[in-house]
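Here is a short tour for anyone meeting this structure for the first time. Have a look at the picture, then read on.

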Amino acid sequence: MQIIQQSNQEDTDYIRQKVIEYNMSKLPEKLLKPVEKVSFILKNEHESILGGITGTIVYNHLHVDFLWVDESQRGTGYGSNLLHKIEELAKVKKCRLIVLDSFSFQAPEFYKKHGYKQFGVLNDYPEGFSQHFFEKRLKDE
């Protein structure tokens, strides 16, 4: 046997698939739904993308992967609108929980303002900053 350093995408996908198979074997049937990618895109009248939010629904929860609004549109409410849209979808999809993270130089206060509770901080990551982890439980609403 040997351990080798590599960056082969096929091998990486194989390892990921094996972890997913193991995880699925341990979960109850009611949680074994297919992973679903979701997104909402903000476009102007010229069809230029000026913002969007993407997420992954798995195990009856939504993980917000990315929320971005072009600097020209920040402070106009579009970020809040995008977040509300994906929250509404999470409720329709019967998600119990929304999870996301934000670096200190991004928008942790924005998420707190929208009812997200911080459950963890990774200090000095990246160096000189911090990563904040948030949740919003939907079953209590």
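## The chain at a glance

Of the 141 residues in this chain, 30% count as buried. Keep in mind that this is a predicted model. The C-alpha atoms fill a box of roughly 55 × 40 × 35 Å, taken along the principal axes. As for surface, the chain exposes about 10,200 Å², and carbon and sulfur atoms supply 53% of that area.

What does the secondary structure come to? The tally is three helices and six strands. Follow the sequence along and you get the pattern α-β-β-β-α-β-α-β-β. Contacts tell another part of the story: among those between residues at least 6 apart in sequence, 47% join residues at least 24 apart.

## The largest pocket

Now for the open spaces. Rolling a probe the size of a water molecule over the atoms shows where empty space is left.

The largest pocket holds about 570 Å³ of space. It is lined by 23 residues, and those closest to its centre are Leu67, Trp68, Gln106, Ala107 and Tyr111. Which elements give two or more residues to this lining? They are E3, helix H2 (78–92), strand E4 (97–103) and helix H3 (108–113). E3 has the largest share of the lining, with six residues. Sort the lining by class and you find 12 nonpolar, eight polar and three charged residues.

## The second largest pocket

About 180 Å³ of space lies in the second largest pocket. Its lining is made up of Arg16, Ile20, Asn23, Met24, Val35, Lys37, Thr56, Val58 and Tyr59. By class, that comes to five nonpolar, two polar and two charged residues.

Where do these residues come from?

## Two residues with positive phi

A couple of backbone spots are worth a stop. Glu47 is not a glycine, yet it has a positive phi of about 70°. You can find Glu47 in the loop between strand E1 (36–43) and strand E2 (49–58). Asn60 is not a glycine either, and its phi is also positive, at about 60°. Asn60 lies in the loop between E2 and strand E3 (61–69).

Are these two residues buried or exposed? Glu47 has a relative accessibility of 53%, so it counts as exposed, the cut-off being over 50%. Asn60 has a relative accessible area of 14%, which is under 20%, so Asn60 is buried.

Pro126 is found in the loop between strand E5 (117–123) and strand E6 (130–137).

## Putting it together

To recap, the chain comes to three helices and six strands.

Conventions:
Residues are numbered from 1 along each chain as its sequence is written. This is a predicted model: local features need pLDDT of at least 70, side-chain atom pairs count only at pLDDT 80 or more; totals for chains, interfaces and linings use all residues. Side-chain values use heavy atoms; hydrogens and water are left out. Helices (H or I, at least four residues) and strands (E, at least two) are DSSP runs, numbered from the N terminus. Buried means under 20% relative accessible area, exposed over 50%, partly exposed in between (1.4 Å probe, protein chains only). On a 1 Å grid over the protein atoms alone, a cavity is a set of points where a 1.4 Å probe fits but cannot get out, and a pocket is an open set with protein on both sides within 12 Å along at least five of seven lines; lining residues have an atom within 4 Å of a point. Grid points are joined across faces, edges and corners, and a volume is the space filled by probe spheres set on the points. Ala, Val, Leu, Ile, Met, Phe, Trp, Tyr, Cys and Pro count as nonpolar, Asp, Glu, Lys and Arg as charged, and the others, Gly among them, as polar. Contact means heavy atoms within 4.5 Å. Accessible areas come from the Shrake-Rupley method with a 1.4 Å probe; for residues, only the protein chains shown count as cover.
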